[in-house]
Amino acid sequence: LIVRAAAVASSATPGILGAVAGALGVAALAAWGLVVNSRRLYRPYQAAADASSVEDLEGEMQRVIQFVQETVVAPIDDRFPGRPFSADLQDFPSTPMVLVIGNHSCGKSTFINGIVGRHVQHTGVAPTDDGFTILERARPPPEHLRSASPSTNDIVEDGPTVLGCPENRQFRQLQRFGDTFLGHLRRRRVVLPDNATMPYGLQIIDSPGMIDTPGRPPSFKGRGYNFVEVVRWWAKRADVVLIMFDPDKPGTTGESLDVLTRSLADLEYKFRIVLNKVDQLDSTVDFARAYGTLGWALSKVIQRKDIPWIYTICNEGFDTNANRSGPERSLPLDGLAENRRQVIEEVFRAKERHYDNAITQLERTLREVEMIAAILRELRWGAVRRCLLAIAITSTVVGVPWSYVWASTKLARFLVSCTPCLLVVQGFRRQFRRWQLQEQNLDEVFRDQFAQHFIHDEGEDLVARWAQVKPRIMTMLRATRNWEFLPSVPKWKSDRLKEALRTDVWYLRQLARANRLRPHTSRAAAEAPDGGRDAANDRHADEGETQL
């Protein structure tokens, strides 16, 4: 058959051979074109330079974010061990959120009651709240179903019910904190009058007061769940984080220390520090002591020369010091009222900052995925190179001479030469894995991989990102036994990440800017069955917010 095929090929004319070669070349080019086209990003939108021409800005931002998450991030995350970014991909879309945390009895619940306009949260000197409460303004029921008591119209949901909230898919992730936490979680949708200042579509999270457990180590879970990780989860998804202190406890407790250093790490752009109950101080000297003590305590936690701005407010009773006697019987309460107004404005501005925070989180996810892919690729090829080098050296120095001494046939020599190679390589792999898992060695890999970025500057953004990424990489390395089979992200997928950062994130920033500048209309009110009444409610809410 071979001879006949050779004879046919030799008798074929050059024209036929050329046609066959041309057909094969065209087929190869077509196949390569299909591969290249499959790797391109075909966006269901046009990333225009002028985003102000887009009619539905919020819908466009949702479409862009979901496209980048599903097309660019999710395929790469599926290759990583444990899918470390799967939870982040479920955070959008969601309802704007404000998290309120602080020491016990610092006035968190009283402050929230003032914003809501009703007594919805228990207050007191002793710790009164033992769980997380999600507060949101609800649409009033029809007239024939309304009750005379305002609290009767409220809708209260327990923890397991909150997990199925259709507007906030990320609530399903709270299941991982255990049933004990779910038993201390609830959601309350309150019905307010038409002239209430709290807007629709805003969630306020009231948290239990932070307190130390005497005689217990900091790692002790006195609440039955990991409080620091729970606060971290809420803070990452919140648009504004209020951290409250009071003059009685201006210092940081052990639990608040963990929250500031671990839960709120790299989230400084979100949190606002508030010194509450300032009206309880007798004089400006007491105020200076409380303010200085809080600033000193924060300086031990926030490793910066500049301490963040501290809002000094009081919840109620702006004239409580009017009847006090003494040479320093009053404080500048007008300034406290102005600070309180600014804090309330920050709370209501969470709806405007919601998309900016979502874009920032998406950009951070893209850059972290890019860094993890680069580090894992370098570790994988480094393990492969060292494994091949160990095989070559062992087979040359030990395996081959030993095979000629102890074996007579070729098969026996091959088996005898492979035995020491396998033993040495296995021991070498264990040693290399143990050595590479040390933090300083991983830091060297990071420095070598991104050496070009440290030529002209210190690369502070890369160093800060590496501090957040390194724990995830170490977790993935511990879960992978053979580093030669670590997931390797192809270059064209990494190029997609860079293209999304260069084009889609920039387009999202333009959309968010246009959305802030464009006058807002209540789209939910227009779509509601009782749109006229809800539009009036939103108008009154906006008027009340303007008065604040």
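Predicted model: local features only at pLDDT ≥ 70, side-chain atom pairs only at ≥ 80, totals over all residues.

Residues are numbered from 1 along each chain as its sequence is written, and side-chain values use heavy atoms, with hydrogens and water left out.

**Stop 1: the sheet**

Please select the strands. Helices (H or I, at least four residues) and strands (E, at least two) are DSSP runs, numbered from the N terminus. Eight strands form an open sheet with mixed pairing, in the order β3-β4-β2-β5-β1-β6-β7-β8. Two strands pair if DSSP finds at least two bridges between them. At the edges are β3 (155–158) and β8 (310–312), each of which pairs on one side only. On average, neighbouring strands are turned by 20° against each other, direction ignored. Axes here are lines fitted to C-alpha atoms, for helices over the stretch in contact, and angles run from 0 to 180 degrees between N-to-C directions.

Next, select β3 and β4 (185–191), which pair in the antiparallel sense over four bridges. Within this pairing, V156 has R188 of β4 as its bridge partner.

Helix α7 touches β1, β2 (132–138), β4, β5 (203–206) and β6 (240–245), and its direction makes about 145° with that of β1. Helix α9 (284–301) touches β6, β7 (271–275) and β8, and its direction makes about 155° with that of β8. Contact means heavy atoms within 4.5 Å.

**Stop 2**

Most residues other than glycine have a negative phi, and most peptide bonds are trans. Select F92 and P93: a cis peptide bond joins them, with omega about 0°. P93 lies in the loop between α3 and β1 (97–102).

R83 is found in the loop between α3 and β1. Although R83 is not a glycine, its phi is positive, about 50°. Buried means under 20% relative accessible area, exposed over 50%, and partly exposed in between (1.4 Å probe, protein chains only).

Move on to S105, in the loop between β1 and α4 (108–116). S105 is not a glycine either, yet has a positive phi of about 60°. At 13% relative accessibility, S105 counts as buried.

**Stop 3: the largest cavity**

On a 1 Å grid over the protein atoms alone, a cavity is a set of points where a 1.4 Å probe fits but cannot get out, and a pocket is an open set with protein on both sides within 12 Å along at least five of seven lines; lining residues have an atom within 4 Å of a point. Grid points are joined across faces, edges and corners, and a volume is the space filled by probe spheres set on the points.

The largest cavity holds about 230 Å³ of space. Select D91, F92, N357, A358 and Q361, which lie nearest its centre among 19 lining residues. Helix α11 gives the largest share of this lining, six residues.

**Stop 4: the second largest pocket**

The second largest pocket has a volume of about 1,200 Å³. Select R232, A265, D266, E368 and Q468, the closest to its centre of the 39 residues that line it. Helix α14 (460–479) gives the most to this lining, with eight residues.
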